[in-house]
Amino acid sequence: MNRVVITGIGVVSPIGSTREKFWSGLIEARSGIGPITIIPTERLNTKIAAQVLDFDPAQHFDPKKLGMLDRFAQFAVVAARAAVQDAQLDITEEIALQAATIVGNGAGGMNTLDDSYFKLYGQNATRAHPLSIPRLMANAACSQVSMDLGLKGPTFTIASACASGTHAIGQAFQMVRLGQTPVALAGGTEACITVGTIKGWEALRVLSTDTCRPFSRTRTGLVLGEGAAMFVLETRERAVARGAPIYAELSGFGMSADAGDITAIDPDGAARAMRAALIDARVNPEDIDYVNAHGTGTALNDKGETIALHKAFGASAEHLAVSSRKGVLGHSLGAAGALEFAATALALHHQTIPPTANYEEADPDCDLDYVPNTARNSPIQNAMSSSFAFGGLNAVLVLDRA
Amino acid sequence: MAVLESGVDQTEAAGNAVAVIDDVRSIIAKSLNIPVERLTPETRLDELGAESLDVIEIVFGLEEKFDITIPLKADEATRLAAADNKSGGPEMPFSTVGDVADIVQKLVDAKVSPKVAQ
């Protein structure tokens, strides 16, 4: 089996859309959560989100192409271009024919859907825009990445709600590892900050109205985010041969389903995915130095995830550093696992643990080391990044210092 | 509230209370797919096998029916539901069918009070 490494990272995020800005925002715990400005909020009870505000589509796409792209596809294409550039990847005809493109997103072109339905139902429009369907289809982002970069190998979208990005990276990892493709573009994207989507989340009663405080006793719920992260994954052999930068090695992938509640985390299911990832990576619980937690900032997730970490890691949970990105990035659903995988790879690369932002008070239900508010320089050999999705779908990746 | 109490006929208020409890019973019965006769004001929600999303759906049904907003977080819904009723935690805003009807009545009253004041 091939060893698989990460050679390119591209991000579009609420704290900046270059790898450097993204990383500095994470280690400074500079929150991207703020008042919603990209959509009207009169009808919303939730007035905050983690929006991508420095993103000007016209800088990246000509008007004709832009007409084809929902926001979630714009994010994916821009992140994918950045990843390819970062990896110094030359897309030759040979590579183009083989490279896989696998993108995770929980929804699809929700901005397009929302706009179209508003015109039809709210304004009694008689017709929809002819590009509505190509823009909003769930695979639009993945297809646009493939078209933009000319990648013609195995190409598909993975939808597993908040685990989509992690499942997509895991799938690409397995394909490169098995030799099905030498190179894969993989990651996740989401642009769900629409009136319709936020109303739906409000109805689930899990949104915070002030900010997101993962693992803190004072946490009040999650905050929606948006963005994308895409990666170039390739065989270690190939990366070394061409002298590519290597951020980290991807060493394990574990999956499970709870087959239980549609929304609540099941600590047993989450722990099974963590253990599967450890076994796949051939490491022991005590070998993991850092866990990028799902850490949504809801009362139930953070408590359940803490129980899961105890179950999966046993006594070594005490020595784990665990932190959540969601106080900074919000919860970008299908993109979350990918953005957090970027954070985890960069943590290994920089040997620095990004902190849990907005942490205020210890919670007896959350009794691990959450690296509150301040980044920590600490040797990291192995790290884990976890995603636990609505529908009880769990996906966990393990990374090794390159 | 004081404005409301002085401005509304007492028998009308009593009639509304009966209507509220009946609507509350029927909305809960429908969400949980159980006979409405099983529900008395003393029936506890956590004895009915409700899950957290059932509680959230019931609260949604009540909000739609009465045009009110009921403050409830998802974790409170979970603790109200049967699956997690022993985990303790802060006191819940309601636990019985009658409590639910009381909350709905208060919110309905609060909604009409400005009109009564005019």
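Helices here are DSSP runs of H or I with at least four residues, strands are runs of E with at least two, and both are numbered from the N terminus. This is a predicted model, so a word on its limits: local features need pLDDT of at least 70, side-chain atom pairs count only at pLDDT 80 or more, and totals for chains, interfaces and linings use all residues. Residues are numbered from 1 along each chain as its sequence is written, while chains are lettered from A and ligands numbered from 1 in the order in which they are written.

With that, chain A. Its secondary structure comes to 15 helices and 14 strands. One of the loops, between strand 11 (352–353) and strand 12 (376–377) of chain A, holds A:Asn373. A:Asn373 is a non-glycine residue with a positive phi, near 65 degrees. It has 15 C-beta neighbours inside 10 Å and therefore counts as partly exposed. The cut-offs are these: 20 or more other C-beta atoms within 10 Å of a residue's own make it buried, 12 or fewer make it exposed, anything in between is partly exposed, and the C-beta atoms are placed from the backbone.

A:Ala161 also has a positive phi without being glycine, near 50 degrees. Its loop runs between strand 5 (155–158) and helix 9 (164–177) of chain A. Is A:Ala161 buried or exposed? Buried, because 21 C-beta neighbours fall inside 10 Å.

Next, helix 4 of chain A, residues 71–86. Its 16 residues should span 22 Å at 1.5 Å a residue, and the end C-alpha atoms are 22 Å apart, so the two agree. The expected span is 1.5 Å times one less than the number of residues. Of those 16 residues, 14 are buried, so the rest of the structure largely encloses helix 4 of chain A. Just after this helix, A:Gln88 takes a positive phi of about 50 degrees.

Now the whole chain. Buried residues are 60% of the 402 in chain A. The C-alpha trace spans about 65 × 50 × 40 Å along its principal axes. A compact globule of 402 residues would have a radius of gyration near 21 Å, and chain A, at 20 Å, agrees with that. The radius is taken over C-alpha atoms, and the globule rule is 2.2 Å times the number of residues to the power 0.38.

Last, the interface. Twelve residues of chain A are in contact with eleven of chain B, contact being C-beta atoms, placed from the backbone, within 7 Å. On the chain A side, the elements giving two or more residues are helix 10 (195–204) and helix 13 (299–313).

Notes:
Contact = placed C-beta atoms within 7 Å.
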